[in-house]
Amino acid sequence: MCSLRDANEELQKKGVKIYGVSFDAVATQKAFAEKQKLPYDLIADPEGKVVAAFGVPSRGKFASRTALLFKDGKLVWRDPKGSTTNQAEVVLKAMAKDTKRKAPQGKAPKGPAQRDSEEERIFVPARGRDLDA
């Protein structure tokens with residue numbers, strides 16, 4: 001998640017709002033966010049409801065790292081192999097392309113994506129316990 005942290009200001013200028021989602025408890029996420037100095041919200045999902053709603057594969061209590069990009073409440077881009085080292089760069093490249101041309105069909109699940117303005121793009125990484133961050 002370091003690249004997202006490091007590029008957070010640039011991503012925000014482009015209308016990206018970042019959320020991290022994991023099976024971890026709130027206390028674990030809080031400690032992780034403080035240690036990594038994350039400038040965005042982490043969502044505790046110990047029951048896996050958010051992870052399942054976004055269709056992120058998981059094994060036990062570890063969600064596969066996945067990047068999702070929404071625009072106007074619709075999923076327009078998915079990266080099932082998100083990487084902590086270049087995830088921000090990959091997201092910015094995806095935004096630079098015509099994301100609607102290859103957009104998967106369907107609306108975003110209820111959650112953070114529907115609470116923001118229609119123009120805002122939202123990126124949601126899902127993670128297990130990060131050892132490489």
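Figure 1. Asp6, for its part, counts as exposed, its relative accessibility being 60%. As a general point, side chains of opposite charge can pair when their charged atoms come close.

**Figure 2. Two further salt bridges, Lys13 with Glu9 and Glu47 with Lys49.** The count of salt bridges comes to four, and this view takes up the pair formed by the side chains of Lys13 and Glu9, at 3.6 Å from N to O. Because Lys13 and Glu9 are four residues apart in helix H2 (residues 8-13), about one helical turn separates them. In general, an α-helix has 3.6 residues a turn, so residues three or four places apart point the same way. Lys13 is exposed at 68% relative accessibility, and Glu9 is exposed with a relative accessible area of 56%. In the salt bridge between Glu47 and Lys49, the closest N and O atoms are 3.2 Å apart; Glu47 is exposed, with a relative accessible area of 61%, and Lys49 counts as exposed at 58% relative accessibility.

**Figure 3. Helix H5 (residues 87-96) and its buried residues.** The residues of H5 that are buried are Gln87, Ala88, Val91, Leu92, Ala94 and Met95. Around the helix axis they cover an arc of only 160 degrees, which means that they lie on the same side of H5. The exposed residues Lys93 and Ala96 are carried on the face of H5 that is turned away from its buried side.

**Figure 4. The largest nonpolar core, with its 19 residues.** Within this core, the residues that touch the most other members are Leu4, Leu11, Ile18, Leu38, Tyr40, Leu42 and Trp77. Two or more residues are given to the core by each of strand E1 (16-22), helix H3 (26-36), strand E5 (67-71), strand E6 (74-79) and H5, and the largest share, five residues, comes from H5. Another core, of nine residues, lies apart from it and includes Val21, Val51, Leu68 and Leu75. In soluble globular proteins, nonpolar side chains tend to be buried together.

**Figure 5. The elements of the protein and the confidence of the prediction.** The secondary structure comes to five helices and seven strands, which follow the pattern α-α-β-α-β-α-β-β-β-β-α-β when read along the sequence. Of the 133 residues in the protein, 45% are buried, and among contacts between residues at least 6 apart in sequence, 65% join residues at least 24 apart. The average pLDDT is 76, and 72% of the residues score at least 70. Among the elements, H3 has the highest mean pLDDT (93), whereas strand E7 (residues 121-123) has the lowest (50). Over residues 111-121 the pLDDT stays under 50, and for this stretch the model has 26 contacts beyond four places in sequence. The pLDDT is also below 50 over residues 126-133, a stretch that has 30 contacts in the model beyond near neighbours in sequence.

Technical notes:
Residues are numbered from 1 along each chain as its sequence is written. This is a predicted model: local features need pLDDT of at least 70, side-chain atom pairs count only at pLDDT 80 or more; totals for chains, interfaces and linings use all residues. Side-chain values use heavy atoms; hydrogens and water are left out. Buried means under 20% relative accessible area, exposed over 50%, partly exposed in between (1.4 Å probe, protein chains only). The arc is that of the directions from the helix axis to the C-beta atoms. Contact means heavy atoms within 4.5 Å. A nonpolar core is a set of buried Ala, Val, Leu, Ile, Met, Phe, Trp, Tyr and Cys residues joined through side-chain atoms within 4.5 Å. pLDDT is the predictor's confidence in each residue, from 0 to 100.
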